[in-house]
Amino acid sequence: MKVVAVHGVSVALACRTFQISETCYRYSPTLSTENEEIADWLERLTANKRTWGFGLCFLYLRNVQGYCWNHKRVYRIYCELELNLRIKPKKRLKRDKPEPLAVPDKPNETWSMDFMADQLSDGRSIRTLNVLDDFNREGLCIEVDFSLPAERVVRSLNQIIEWRGKPKAIRIDNGPEYVSGKLMEWAEKQGVRLEYIQPGKPQQNAYIERYNRTVRRVSDLLCMSNLAHASKLKEHDNDDDFQGSFRRAAERR
């Protein structure tokens, strides 16, 4: 301390003035050669065992070599030597920022179309093709069958167009039936634009996803035993948000 060395002030007076203990003043750190030994062990272990991290290195020193070094001490030296294993970051796909879900100004501007999986009461799997007008959330079609290939999709759309007229665009996901050449050829011939959502982004097709939930609630109450029974869903596709059919199905049950 400069006050003691230059001005000759006593150690006790200087410590009281600067509010430090005499033990702290008189302490002189003793350099231990153990730190060098720990560092040498860690460098050799990480060089020979490239897949080992700190945990395996410390367990080897403690259980195999028998050293009683504290894990905090060993880890401090491990970090000072910058031996930490580099964690490979997860590769993420760069996706464009999705556009907000547009609300059409009039009917037949944009339709939404999606498949939904369901089961009959005997456990057999069925599929339904749901088509919705985004303007007024009107259900245009519910096609039910065990399999609905691209040909069935095109046929259902032609049937809707006969009484409804064709839309300007149809919003769909990236299912195999939708990316087939037959549907693209049909859309090009009809002058209908296919708007594909981004993979893994069902919220971009929110209108039909909400419609699917209502269809699911009704189908659960119908307890469908065969395709003829499941086809009754078509009778309700023009109801106001399925509320009337939902009440009727609940009463029958």
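Leaving aside its neighbours within four places in sequence, which residues is Thr46 in contact with? The answer is Cys57, Tyr78 and Leu83, where contact means heavy atoms within 4.5 Å. Welcome to this predicted model, in which local features need pLDDT of at least 70, side-chain atom pairs count only at pLDDT 80 or more, and totals for chains, interfaces and linings use all residues. Residues are numbered from 1 along each chain as its sequence is written, and side-chain values use heavy atoms, with hydrogens and water left out.

**Overall picture**

- The protein has 11 helices and 5 strands; these are DSSP runs numbered from the N terminus, with at least four residues for helices (H or I) and at least two for strands (E).
- Of the 253 residues, 38% are buried; buried means under 20% relative accessible area, exposed over 50%, and partly exposed in between (1.4 Å probe, protein chains only).
- Among contacts with a separation of 6 or more, 59% are between residues 24 or more positions apart.
- The accessible surface is about 16500 Å², and carbon and sulfur atoms hold 51% of that surface; areas come from the Shrake-Rupley method with a 1.4 Å probe, and for residues only the protein chains shown count as cover.

**Around Thr46**

- Thr46 sits in helix H4 and counts as buried, at 16% relative accessibility.
- Its side chain reaches two backbone oxygens: that of Leu42 at 2.8 Å and that of Glu43 at 3.2 Å.

**Nonpolar cores**

- In soluble globular proteins, nonpolar side chains tend to be buried together.
- Here, the largest nonpolar core has 21 residues, and Met113, Ile170 and Leu183 have the most contacts inside it; such a core is a set of buried Ala, Val, Leu, Ile, Met, Phe, Trp, Tyr and Cys residues joined through side-chain atoms within 4.5 Å.
- At least two residues of this core come from each of strand E1 (110-119), strand E2 (125-133), E3, H7, strand E4 (169-172) and helix H8 (181-190).
- The element giving the most to this core is H7, with 5 residues.
- A second, separate core of 15 residues includes Trp41, Leu45, Trp52 and Val74.
- Not counting residues up to four places away in sequence, Leu183 touches several residues, including Val153, Leu157, Ile172 and Leu194.

**Salt bridges**

- The whole structure holds 12 salt bridges, each a side-chain nitrogen of Lys or Arg within 4 Å of a carboxyl oxygen of Asp or Glu.
- One of them joins Arg73 and Glu34, at 2.9 Å from N to O.
- Arg73 belongs to helix H6 (residues 71-80) and Glu34 to helix H4 (residues 34-48), so this pair ties together parts 39 residues apart in sequence.
- Glu34 is partly exposed, at 32% relative accessibility.
- Another bridge links Arg164 with Glu138, at 2.7 Å from N to O.
- Because Arg164 lies in helix H7 (residues 150-164) and Glu138 in strand E3 (residues 138-145), the pair ties together parts that are 26 residues apart in sequence.
- Arg164 counts as buried, at 18% relative accessibility.
- Glu195 and Arg193 also form a salt bridge, their closest N and O atoms being 2.7 Å apart.
- Shared partners join Asp134, Arg171, Arg193 and Glu195 into one network of salt bridges.

**A surface spot to look at**

- Val179 lies in the loop between E4 and H8 and is partly exposed, with a relative accessible area of 39%.

Definitions and conventions: Polar contact = N/O pair within 3.5 Å; in protein donor to acceptor, adjacent residues only side chain to side chain.
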